Amino acid sequence: MTESPSPSTPRWKALLAESVTTAQALAGRFDLSPEPLAAVIRTFPMRINPYYLSLIREPGDPIWRQAVPDAAELADAVGSADPLCEEACSPVPGLIHRYPDRVVLLASEQCAMFCRFCMRKRRVGTMAAKDRRAAAIDYIRRTPAVHEVVLSGGDPLMLADTDLARLLELLRAIGHVRLLRIHSRMPCTLPQRVTDDLVHMLRDVQPLYLNIHFNHPLEITDRSRDACARLADAGIPLGSQTVLLKGVNDDAAVMHQLMETLLTLRVRPYYLHQLDRVCGTAHFRVPLEKGLAIIQHLRGRISGMGVPHYMIDLPGGGGKVPLTPEYVVAQHADHWILRNFENRPFRYSLH
């Protein structure tokens, strides 16, 4: 456990200070043996803040699986530390430049909760983002092809309001940067972070897009609903990225409920990510066929706005590509045969 905060500390920071980070602390809350947990934590650190911890209904449930270390993390023989070759795509430390017109700036080294499936599991709690921001911003200034900057990490909303405002101000001052995007899990994992001060600050740096990250309907609580409402009321476009996870959301009914509920929060489902082949995450992997079946279920049964793009980030730095169910049954000179979401064939004339 971290040190107790001072009375003037913001509520979200006070909650962070009470996070569970050790095997003994977690074992004391549940009927667990600390030794297996400690073995995992030595390799892959743990942080579960009190809010997210309170969402766990029972060991092994979808919230538990995302937050609590599992011995399976140490038994992954096929994953790699950096399957997307992010390090090779980093012209300066803390910046990823894979696509011609946009970069990812790793703005923070910390998160409110260390997800067990994290794509940057190799760097959790170890990055020193503040020291390298100047070099990243200088690179963006010197690269006029960059039109969009995505703030990621870690979690950018872990920055203090003043630090985040200064970073956004510096980026907004670069003439060729047209769009800013923040990727954050905190509206889900620690919604207390979405304060009036934060919302007012973000509102003043438009155009700004905020992609948040929900994986299961149990993560949508009164507090997370309120956080999304505050952001949406301020005119900040919200999208959601979801990772397809075994034992969490690899079920068509669960995904249907999640996407439908997100729409009611004014959060547009954006991507459904196939899990990256990161070391320590093999037990979360879902077959591609099952992911496609879930997308096929959603199509036609939920508003088109609620159907995310099913994306796979190609190993070796190939970038993201969409996966879609096959709707073309046959192609003829004058017509195609297409099937609909109910698997019924239809003739489509080409003339």
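Glu86 counts as buried, at 5% relative accessibility (buried means under 20% relative accessible area, exposed over 50%, partly exposed in between, with a 1.4 Å probe and protein chains only). Arg120 is buried too, at 7%. The two side chains meet in a salt bridge, 2.9 Å from N to O (a side-chain nitrogen of Lys or Arg within 4 Å of a carboxyl oxygen of Asp or Glu). Arg120 sits in the loop between β2 and α6 and Glu86 in the loop between α5 and β1, 34 residues apart. Helices here are DSSP runs of H or I with at least four residues, and strands are runs of E with at least two, numbered from the N terminus.

## About the model

This is a predicted model, in which local features need pLDDT of at least 70 and side-chain atom pairs count only at pLDDT 80 or more, while totals for chains, interfaces and linings use all residues. Residues are numbered from 1 along each chain as its sequence is written, and side-chain values use heavy atoms, leaving out hydrogens and water.

Lys121 pairs with Glu73, their closest N and O atoms being 2.9 Å apart. Lys121 lies in the loop between β2 (102-106) and α6 (133-141) and Glu73 in the loop between α5 (62-67) and β1 (95-99), so this pair ties together parts 48 residues apart in sequence. Glu73, Arg116 and Lys121 are linked in a network of salt bridges.

Arg230 and Asp226 form another salt bridge, at 3.2 Å. Both lie in helix α10 (residues 222-233), four residues apart, about one turn of the helix.
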